[in-house]
Amino acid sequence: MKSYYPKNRISIIIIAFFALLFMIPEDATAQRFGHFSPPRPMPRPMPMPHPMPHPIPPGPRPIPPHPLPPPPHPYPHPYPYPRPLPPPFHPYPVPYPYIYHPFVPYYWGPTWYPIGFFAVTLTTAAIIISVENTNYNYDDGVYYVKESSGYKVVPAPLGATISDLPKGYVTINVSGTDYYYYGGTYYSKVTSKYKVVSAPVGATVSQLPEGAEEKTIDGQKYMIYNSVYYQPISKEGQDSYVVVQGK
């Protein structure tokens, strides 16, 4: 009689193996055979409730304080507001063509000095001239005022009179009147003396002293010396300057 014991034994083992597989959890089985289940999504956090804003009390809202004004400047402007306007400029109609040429200061000899020059002493030929209760020292066409340690050259004071004209002066005729020009100063003859007068409009000179400044007005250049405006021109082929506004 045949025995089937080995076959029954193998069948029992197979059945037990599959039963064991069903009993093992799914995650462990997948990890064993190299399969991983996708991660489970994390639950979203619950939103936190926002605090309720404070209710606005009824009535007018408080006005914030205005910022304090800046302190006054320690150095106020020398001119108040509104600032004074400059004097109007009315150029004299010049019958000569305008020709710009570079300015070169002119010197009237070794005894002439420009405005602002300081001298420790004066020559023995210097004299004292009084104009409107102010004393000036005059020496060969140059006017000085006395300071603590010397003498300073200043513009010729209007109204000052001298007995003789300095050497090197030129005569200028304007509208039939003769004027005498020297070192930026104009003289007119009064009886037997010569008096310092304002620059006559229309006077033409060939030289200006040191200290003249260049200024552009309406696109045209002028030379200014002692508050007198000169326009560069060409007269008889020579570079000259004509007074277009006097002091």
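## Phe-118 and its sheet

Start with Phe-118: its bridge partner is Lys-152 in β5. Strands here are DSSP runs of E, at least two residues, numbered from the N terminus. β1 and β5 (residues 150–154) pair in the antiparallel sense over two bridges; two strands count as paired if DSSP finds at least two bridges between them.

Step back and you get an open sheet of five strands, in the order β1-β5-β4-β3-β2, with antiparallel pairing. β1 (118–119) and β2 (127–131) are the edge strands, each pairing on one side only.

## About the model

This is a predicted model, where local features need pLDDT of at least 70, side-chain atom pairs count only at pLDDT 80 or more, and totals for chains, interfaces and linings use all residues. Residues are numbered from 1 along each chain as its sequence is written, and side-chain values use heavy atoms, with hydrogens and water left out.

## A buried serine

Ser-188 sits in strand β9 (residues 185–190). It counts as buried because its relative accessibility is 17%, and buried means under 20% relative accessible area, exposed over 50%, partly exposed in between (1.4 Å probe, protein chains only). Leaving out residues up to four places away in sequence, Ser-188 touches Tyr-179, Lys-193, Tyr-194, Lys-195 and Val-197; a contact means heavy atoms within 4.5 Å.

## Two loop residues with positive phi

Most residues other than glycine have a negative phi. Ser-175, in the loop between β7 (170–174) and β8 (177–182), has a positive phi near 55°. Its relative accessible area is 76%, so Ser-175 is exposed.

Thr-191 lies in the loop between β9 and β10 (193–197). Its phi is positive too, about 55°, and Thr-191 is exposed because its relative accessible area is 70%.

Key:
Helices (H or I, at least four residues) and strands (E, at least two) are DSSP runs, numbered from the N terminus.
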